Amino acid sequence: MRGAVLYAPGDVRFEERDEPQILKPTDAVIRTVATCVCGSDLWNYRGINPTDQPTPFGHEYVGVVEEVGDEVRAIRPGQFVVGSFFASDNTCPNCRNGYQTNCLHREFVGAGGCQAERIRIPLADGTLVATPEPPSADLVPSLLACSDVMGTGWYAAAAAHVQPGDTVAVVGDGAVGLCAVIAAKQMGAERIIAMSRHASRQSLAREFGATDIVAERGEDGAARIKEMTGGIGADRVLECVGDANSMRQALRSARPGGNVGFVGVPHGVEIEGTELFYSHVGLRGGPAPVRQYLPRLIDLVLAGAINPGKVFDLHLPLSQVAEGYRAMDERRAIKALLTP
Ligand SMILES: [Zn+2]
């Protein structure tokens, strides 16, 4: 089978790789229906995370089950499935508490590289959620979005405790930030301020439920949010970038007693204890426990209530995966969907 391999910054190749196998009796192997390039893949593509050796890449997927190990019970060959980037047993104490990305037995599904024609899924019963029937083709992008960006945007809003009537500011207009707008709206936020300076992303944010757009960044962005909220800041701020500036902007945009949910993988972020202490802002983040939200998100997609698949503004054959990385790196695309 063939899949994407990152050799060095800017050097993604589509090449022949070993067929994934059932290695443990709890594994499944799926045939990929769609996969995509993540904003976090760009950290490696840009050389900010080092790549020491040729590395299979990608961690987002939907597919059809081809084979399961002897101990897999709930998942069966032929099912259309969505799963998270971390495999989880969904039974350990951390899973039962809703933090499947901290499963005591977690494995990173992306370690095998999901931008490929087939994928090994560890802990298949705990990791995968099957749709009641095979979805129509038009629903595939939104189901794929649930495997990471929509689940991550949802967690940003859940971690910040978005409540009905809230004013929510979203820092970051990538796919996760845009999905965070969807989540805030679903959770009943009354005012959703998308912080974006790109016209196409602003209009998608509005389509997803943003009521206001703020183009200013950093101190100016935080000042603008305060100005719009009677001088105090937003009730909830969803940080969806992960660098020092965006985190500072998020913390300074939240009101005393408000919360920041942060889901951008931190790069160079340092939180100043004294400032946090005096701010009275609550802070929770981490890799989203997507598995917790999958059943609900899949239902919302199948019911037509949300359409996060719109973040995929570039559809390519998997063989052109390198162009997907390039387009996202150059910000020509929000997110690239790849089909084998
Ligand atoms: Zn677990």
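How many bridges join strand β11 to strand β14, and do the two run parallel or antiparallel? Some notes on this predicted model, starting with that one.

1. To take the opening question: β11 covers residues 167-171 and β14 covers residues 234-239, and four bridges join them. The two strands run parallel.

2. Six strands make up an open sheet, and reading across you get β13-β12-β11-β14-β15-β16, with parallel pairing. At the edges sit β13 (212-214) and β16 (282-285), each of which pairs on one side only. On average, neighbouring strands here are turned by 20 degrees against each other, direction ignored.

3. A helix goes with this sheet too. Helix α5, residues 149-159, packs on it and touches β14, β15 (254-262) and β16. The direction of α5 makes about 155 degrees with that of β15.

4. The largest nonpolar core has 109 residues, and the ones with the most contacts inside it are V170, C179, A180, V181, I193 and L238. Helix α6 (residues 175-186) gives this core its largest share, nine residues. Both domains take part: the core draws at least three residues from domain 1 (2-148 + 289-339) and at least three from domain 2 (152-285).

5. C179 is worth a click. Setting aside residues up to four places away in sequence, C179 touches A145, V149, M150, T152, G153, P308 and V311.

6. Over to another set of strands. Strand β3 (residues 28-36) and strand β5 (residues 61-68) run antiparallel, with seven bridges between them.

7. Is I30 buried or exposed? This residue lies in strand β3. I30 counts as buried because 27 other C-beta atoms lie within 10 Å, and the cut-off for buried is 20 or more.

8. Who are the neighbours of I30? Leaving aside those within four places in sequence, I30 is in contact with G63, V64, V65, E66, V81, R118, I119 and I121. Take V64 as an example: I30 and V64 are 34 residues apart in sequence, yet 5.3 Å apart in space, C-alpha to C-alpha.

Definitions and conventions:
Residues are numbered from 1 along each chain as its sequence is written. This is a predicted model: local features need pLDDT of at least 70, side-chain atom pairs count only at pLDDT 80 or more; totals for chains, interfaces and linings use all residues. Two strands pair if DSSP finds at least two bridges between them. A nonpolar core is a set of buried Ala, Val, Leu, Ile, Met, Phe, Trp, Tyr and Cys residues joined through C-beta atoms within 7 Å. A residue is buried if 20 or more other C-beta atoms lie within 10 Å of its own, exposed if 12 or fewer, and partly exposed in between; C-beta atoms are placed from the backbone. Domain bounds come from an automatic or database domain assignment. Two residues are in contact if their C-beta atoms, placed from the backbone, lie within 7 Å. Axes are lines fitted to C-alpha atoms, for helices over the stretch in contact, and angles run from 0 to 180 degrees between N-to-C directions.
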